[in-house]
Amino acid sequence: STGSSGSLFYYTRDGKFILKTISREEYHTIKNILPAYYKHLMVYPNTLLPKYLGCYKLIKKVKKKMTFVYFIIMMNIFATTNEIHLSFDIKGSKIGRQVLKNDSPINNINELYGKYSYAFKDLDLERFNKLFYFKKSYRNTILNQLQQDSIFLKECGLNDYSLLVGIHKPSLVNN
């Protein structure tokens, strides 16, 4: 499949790993932050950042012309025994961050579950603002980790991010 960036995504048969093509610039950025990234993962093993397993450059030479393919291998956060019924790609912006149109007849989050294979966006989440309920201790854990991950990204000079959220609704399993 392809993402909005034009990257190609390949999934292992068991769905546990993803190979994603990246640009030359992304490749060099990841290579440059790798020591700090590794340290962050060691200090914060429950980070919400992607778990990169490798960053590669393939060189193809045909008739003296070299072409390059850059890609990363990462763990798939949605590789779980629980079906993901709904997902959101959150960037913290409202500009162009909507899948459902304002005149969409969908008024209840329950109308979305299990019917869409793509991720919804920030304004879609805002539309269903009573979506997430956490115990206070869990909420604080998530917020603290988001803060630490944000500090790391800022220290690396990175400001383009997404928080991918998957929702499993147990009541749909038996229906």
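1. Start with Thr 21: its relative accessible area is 17%, so Thr 21 is buried (buried means under 20%, exposed over 50%, partly exposed in between, with a 1.4 Å probe and protein chains only). Keep in mind that this is a predicted model, where local features need pLDDT of at least 70 and side-chain atom pairs count only at pLDDT 80 or more, while totals for chains, interfaces and linings use all residues. Residues are numbered from 1 along each chain as its sequence is written, and side-chain values use heavy atoms, with hydrogens and water left out.

2. Thr 21 sits in strand 2 (strands are DSSP runs of E, at least two residues; helices are runs of H or I, at least four; both are numbered from the N terminus). A polar atom of the Thr 21 side chain lies 2.7 Å from the backbone nitrogen of Leu 8. Setting aside neighbours within four places in sequence, Thr 21 touches Ser 7, Leu 8, Tyr 70 and Phe 71 (contact means heavy atoms within 4.5 Å).

3. Now for strand 2's partner: strand 4 (residues 65-75) runs antiparallel to strand 2, joined by 6 bridges (strands pair if DSSP finds at least two bridges between them). Tyr 70 in strand 4 stands opposite Ile 22.

4. On to the rings: the whole structure holds 5 aromatic pairs (Phe, Tyr and Trp rings, six-membered for Trp, with centres within 6.5 Å; planes under 30 degrees apart are stacked, over 60 edge-to-face, the rest tilted). Tyr 27 and Tyr 70 make a tilted pair, 4.9 Å centre to centre with 45 degrees between the planes. That pair links helix 1 (residues 24-43) to strand 4, 43 residues apart. Both Tyr 27 and Tyr 70 are buried.

Notes:
A polar contact is a pair of N or O atoms within 3.5 Å; within protein, one must be able to donate a hydrogen and the other to accept it, and residues adjacent in sequence count only if both atoms are side-chain atoms.
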